[in-house]
Amino acid sequence: MISRRVFIAGTAATTALAAVPAMAADVLKVGLILPMTGPFASTGRQVEAGVRAYMALNGDTVAGKKIEIVLRDDAGTADQTRRLAQELIVNDGAKMLMGFGLTPLALAVAPVITQAKVPAIITSATTSSIVKQSPFYARTSMAGPQSAVPVATWAVKNGLKRVVTLVSDYGPGIDIEKGFTDQFKKDGGQIVEAVRVPLQNPDFAPFLQRVRDSKPDAIFVFVPSGVGSLFMKQFVDRGLAEAGIKLIATGDVTDDDLLNAIGDPALGVITGHFYSASHDSPENKAFVARVKKAANIRPNFMSVGGFDAMALAYAALKKTNGDTDGTKLIEAMKGQSWVSPRGPITIDAATRDIIQDIYIREVKKVDGELYNVEFATFPKIKDPNAQ
Amino acid sequence: MLTILFDGIAYGMLLFVLACGLSITLGLMNFVNLAHGAFAMAGGYVTVIMMNRYGLSFYWCLPAAFLVSATVGAILERLLYRPLYKASHLDQVLFSIGIVFMAIAGVDYFMGGQQQLINLPPELKGRFDFLGIGIGRYRLFIIVLCAFLVVTLQLALTKTRFGSQLRAAVDDGRVARGLGVNVSLVFSLTFALGSGLAGLGGALGTDLLGLDPNFPLKFLIYFMIVVTVGGTSSISGPFLAALLLGIADVAGKYYVPQLGAFIIYALMVLVLILRPHGLFSREGGR
């Protein structure tokens, strides 16, 4: 027969046991808004893979909160992004937002998150000015021309003094043109010509001919990653390499996701960027293996942006002890520092933007596949436009 | 300088192959087919699938792209387009733009939204110098192929029995039918031919213009410009218009890159002010 004392103890124990899962079941929703369809669908796929990889490697529970990702597709149109952000916050009760594939998509949610006091972590968009638009933004992709500035320094050091710049004519392109040009001139280089190509027209023939005729040492290029592969092909076809013109670029042109599809023409291209799938670290090996297994793609810089957005969210929740108040969360994000698959990174306490190492890489064949192999590091680069 | 001219001609030729199907449906059959680019896209994706998944030669992809697009065109014409021949232009526009959106969504679903890349056979890659002019091999290939197409089309339209049947069917369907011309068959074949040409253009353009699900919308405006500037009465009109636009576009971007893509629109406005019916319009045409 069970004595009363044993019964009470038993009940208490059961209750205590039951209480643990009840606390763990305290769900925190994170709204993930990405272009999953449309021309920028590859961005969405990559970021999502990164986010899921982080949760697979680090568990779905942090500070007593079970994280639930609510994925929404904005198809790359800004009005959708804004509407989805509003729905996620108001109807689904999301305490954090993430994603935003392009600059206009990120800008569109600024008023929403400011009013609702919900932090939003930018995983992809890079234009300098975004983070200033709301005190609730933080960024884990790249800040403006971060990747271009070290390329300028490297180029001058390696004897490429006369350079033509060629960028796509839109926000990030102009940011990067300015970042590169300022640094390049400061280091004593000469910009022979600055060409801007329309975002919509992928026939680079006339622009490349113009570059060829002005006979520079090198051409510095920024175009969005999908167009980058077309650019590479036409660059080779036009015989610019034979004419002795080197191609230097930001990592968008030799995107890990597309590099193998571009094929051998990409060999030897020098780029500067914050992430390469071949980065040699245990963190990166685990990350690449996880993404390859789960999503069957090679992670690129978009993917690592998603991974680190999740890392930042976890770190902030740990610091607030599970408090989901938006103002406290964004405060907790400031100054966070950790080792990401890309290398050491910090969220600037003053600007909420990312500070990271930029690597100079060369495209090489490793085990029959093309990779951006890193050979020089420029540590702790800040957004040059913010200084 | 001559290199620019050469590039412009190649670009113009490509535009012509892409757009001439539209000038047939719009000009000869009087049907506003905004979905024309979707057939071009179909040709492009046929090429991509054949080359990248099955490793077939690029040269086989070109006729295949033509045939697949032509077949799709013929089927759609039978099932969907035919009931709308008599409908107002607005209905035709709404219908065909709907097809465009369905094509975009369908391709996006099955093939993904990324840029598709193909690797041309080595003999078409690179360039050589001829009398100081840099000539891209692939562009030369396009020019030769398209020039051949233009001549064939022009001859077929003016000199063959089918050509005269088509012109008769367009000018006055009732009389043509009375004279024993199978008007609906003629229209079907013509539509299939136009779609097939678009498919061929899409296949040729994959390497030069890129290919993603938004292709039909991205290039719709170029097709429309070629057809409006060229007038819709003949093959030579759109052909010259396409050449003019190709050269103006390439030269404009070379000499004044700041204006970039705007040149061709300026040119279109100019032409339409001077000749509202296009460069070559047919008196009494509809």
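**Exercise 1. Are α8(A) and α1(B) roughly parallel or roughly antiparallel to each other?**

Step 1. In this predicted model, the axes of α8(A) and α1(B) cross at roughly 165 degrees and come within 10 Å. Axes are lines fitted to C-alpha atoms, for helices over the stretch in contact, and angles run from 0 to 180 degrees between N-to-C directions. Helices are DSSP runs of H or I with at least four residues, strands are runs of E with at least two, and both are numbered from the N terminus.

Step 2. Angles under 35 degrees count as roughly parallel, over 145 as roughly antiparallel, 65 to 115 as roughly perpendicular and the rest as oblique. Therefore α8(A) and α1(B) are roughly antiparallel.

Step 3. On the side of α8(A), the contact uses A:Ala205, A:Pro206 and A:Gln209, and on the side of α1(B) it uses B:Thr3, B:Ile4 and B:Asp7. Residues are in contact if their C-beta atoms, placed from the backbone, lie within 7 Å.

Residues are numbered from 1 along each chain as its sequence is written, while chains are lettered from A and ligands numbered from 1 in the order in which they are written. Because the model is predicted, local features need pLDDT of at least 70 and side-chain atom pairs count only at pLDDT 80 or more, whereas totals for chains, interfaces and linings use all residues.

**Exercise 2. How many residues of chain A are in contact with chain B, and which helix supplies the largest share?**

Step 1. Contacts join 30 residues of chain A to 29 residues of chain B.

Step 2. At least two residues each come from α2, β8, α8, α9 and α10 of chain A.

Step 3. The largest share, 6 residues, belongs to α9(A).

**Exercise 3. At what angle do α10 and α11 of chain B pack?**

Step 1. Helix α10 (residues 236-255) and helix α11 (residues 263-274) of chain B pack at about 135 degrees, with their axes 8 Å apart.

Step 2. That angle makes α10(B) oblique to α11(B).

Step 3. B:Leu245, B:Ala248, B:Asp249 and B:Gly252 of α10(B) meet B:Ile263, B:Ile264 and B:Leu267 of α11(B).

**Exercise 4. Which residues of α6(B) are buried, and why do they line one face of the helix?**

Step 1. In α6 (residues 161-171) of chain B, the buried residues are B:Gln165, B:Leu166, B:Ala169 and B:Val170. Buried means that 20 or more other C-beta atoms, placed from the backbone, lie within 10 Å of the residue's own; 12 or fewer means exposed, and in between is partly exposed.

Step 2. Seen down the axis of α6(B), the buried residues fall within an arc of 130 degrees, so they line one face. The arc is that of the directions from the helix axis to the C-beta atoms.

Step 3. These buried residues pack against α1, α7 and α8 of chain B.

Definitions and conventions:
Contact = placed C-beta atoms within 7 Å.
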